[in-house]
Amino acid sequence: MATNVVPPTTSADPREQANAQASHQPGTKAGHQTGLQASQQPGTQPPLTGPHDVVEAAGHPAGSGLVKPEYDPRLTNEDLAPLRKQTWGGYNFFAFWMSDVHSVGGYVTAGSLFALGIASWQVLISLVVGILIVMVFTNLVAKPSQKTGVPFPVINRAVFGVLGANIPAIIRGLIAMAWYGVQTFLAAQSLNIIFLKFIPSSAALLDHSFLGLNALGWISYAILWVAQAALFWRGMETIRKFIDFAGPAVYVIMIALAICLVAKAGWGNISLNLSVGEPLPLSAAIPVMISAVAIVVSYFSGPMLNFGDFSRYGKSFTAVKRGNFLGLPVNFLFFSILTVLCASATVPVFGRLITDPIETVQAIGAPFAILLGGLTFVTATVGINIVANFISPAFDFSNVAPRKISWRMGGMIAAVGSVLLTPWNWYGNPQAIQYTLGVLGALIGPLFGLLIAGYYLVGKQRVAVDDLFSMEPTGRYWFKRGFNPNAVWTMVIAGGISVAAALVPTITEDLGGPDFTWLGNYGWFIGCALGLALFWLFETLSPRMPELSATDETVNDGTLEEAI
């Protein structure tokens, strides 16, 4: 395997120098010498990789990660190092959320809230409140990575320690790997419909199976697996271009689908009230609305946690916030309205409520509709899979062993692992979901609370970026043998309680006890609150994180206003 650091060159490309100096420099304060300028002093040029090196920095030209000579190679490669250029604008983040929202899962989640028994206007309020909470917390987790130019696992070194950061990295990476397999399987099911419609002889492949999946399923899964891997291998800039296209493409199809269904049904035959059963009185509806809010937040909890993997590319924090506003409350609300409109129209058109867009397209029956709709929703699922479940383990696994695992290699480990998990065998098993993804998912809340408490409450938004890559015992994030005991104990306690909240209600109900499985809807909030409160308490009683001065030139101060 190629190593990620090669002998430094004697000169740098002048155009690259000019571009880098003109762009925002993470990890520095206005008026001070930037890390890039310092690294370009004679004899200290940043190392560059070759054009065919698999450890080339994620999605950028070779050498885009600023690897300073003093950075420890056990913690560093060009994918994890602070970016030399941050180029994403507001639209790129808007498109990111379009790819995340415009999926079969997002469609079904929005539509399923009506099955809770609350009125349409109450569902609408729940959606808005839930997505506003997501936006606020996403902005919180975005800022440290945007300001420093490092991904989610690296910024966690400031809280967990340079080695302790592998704890959140591995947890988030495993969650993403499992869901990557699930999403690929669901997209493959959609592709199966296209094969069966246009190649009727492919139905014979349904009679042969291997490891629980029929031959046609394997073919569809393999096609999508290879397509996603090829897209990922091209790098972050190619992924950015793809999500810039995927989100709007789904909007075009959704609007066309809504127009088609409404035209067939007639506007007067459409009822936007999809609530099931008798309307609940307000006193009974409020707890259900709160549960609906929690469902919305939980749905986005994964990409929300590691959003720093993307916000690090932002030109400014203002651009990130602008994109999040357009992509979350504005986009999610409009998409939800389209979802309700399409679902409502299925009742008069097909005689039953259909909340799955793939099933809706299939019910229309027209070959062109099935082809166009099927391919569009496959594209949408690939989009959310890339942004939510491929990028995260790529950085997370690379963080564990930077010298041996590049960003690309980390992503491929996740891709291969997703097949070995054979997600089709356990996805439909509630117990398997509960005891695997349920347990791992319960740890997302504590990780989020820890990061927010560490960066904002304890660290005062100040980060010594260079120390994130230091294994020296005198390093400010070495703590105790590379681990911050306060963070570790917080994770053990808060994580244990969160896991119990996810498992105990189900176990109790299975044993014939009282039903309080509703508690699982609030697992993220419980874990987040405990992670934040416990870490702040431990750091107050026994401080471990360094007190950094805003006047220290080696410190990135997130409170400084941006020059726009």
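Helix α5 bends by about 30° at A142, and the proline P144 follows within four residues. Keep in mind as you look around that this is a predicted model.

How many residues does α5 have? The helix covers residues 120–148, which gives it 29 residues. From its first C-alpha to its last, α5 reaches 43 Å, close to the 42 Å expected at 1.5 Å a residue. Just after α5 comes G149, with a positive phi of about 75°.

Next, let us turn to helices that pack against each other. Two packed helices are described by the angle between their axes and the distance between the axes. Here are two pairs to find in the structure:

| Helix pair | Angle between axes | Axis distance |
|---|---|---|
| α3 (residues 90–101) and α14 (residues 317–350) | about 35° | 7 Å |
| α21 (residues 444–458) and α22 (residues 485–510) | roughly 145° | within 8 Å |

The crossing of α3 and α14 is right-handed. On the α3 side, the contact is made by G90, F93, F94, W97, M98 and V101. Their partners in α14 include A319, V320, G323, L328, F332 and F335. By class, this contact has 11 nonpolar and 5 polar residues, with no charged ones.

For α21 and α22, the crossing is right-handed. Helix α21 brings P446, L447 and L450 to the contact, while α22 brings A487, T490, M491, A494, G495 and S498. The classes here are 6 nonpolar, 3 polar and no charged residues.

Finally, have a look at the aromatic rings. A search of the whole structure finds 28 aromatic pairs. One of them is Y71 with F469, a stacked pair at 4.5 Å centre to centre, with 15° between the planes. Why does this pair tie together parts that are 398 residues apart in sequence? Y71 lies in the loop between α2 and α3, and F469 in the loop between β3 and α22, so the pair links those two parts.

Note on methods: Residues are numbered from 1 along each chain as its sequence is written. This is a predicted model: local features need pLDDT of at least 70, side-chain atom pairs count only at pLDDT 80 or more; totals for chains, interfaces and linings use all residues. Side-chain values use heavy atoms; hydrogens and water are left out. The expected span of a helix is 1.5 Å times one less than its number of residues. The bend at a residue is the angle between axes fitted to the seven residues ending there and the seven starting there. Axes are lines fitted to C-alpha atoms, for helices over the stretch in contact, and angles run from 0 to 180 degrees between N-to-C directions. A crossing is left-handed if the near helix is turned anticlockwise from the far one by less than a right angle, and right-handed if clockwise. Contact means heavy atoms within 4.5 Å. Ala, Val, Leu, Ile, Met, Phe, Trp, Tyr, Cys and Pro count as nonpolar, Asp, Glu, Lys and Arg as charged, and the others, Gly among them, as polar. Rings of Phe, Tyr and Trp (its six-membered ring) pair if their centres lie within 6.5 Å; planes under 30 degrees apart count as stacked, over 60 as edge-to-face and the rest as tilted.
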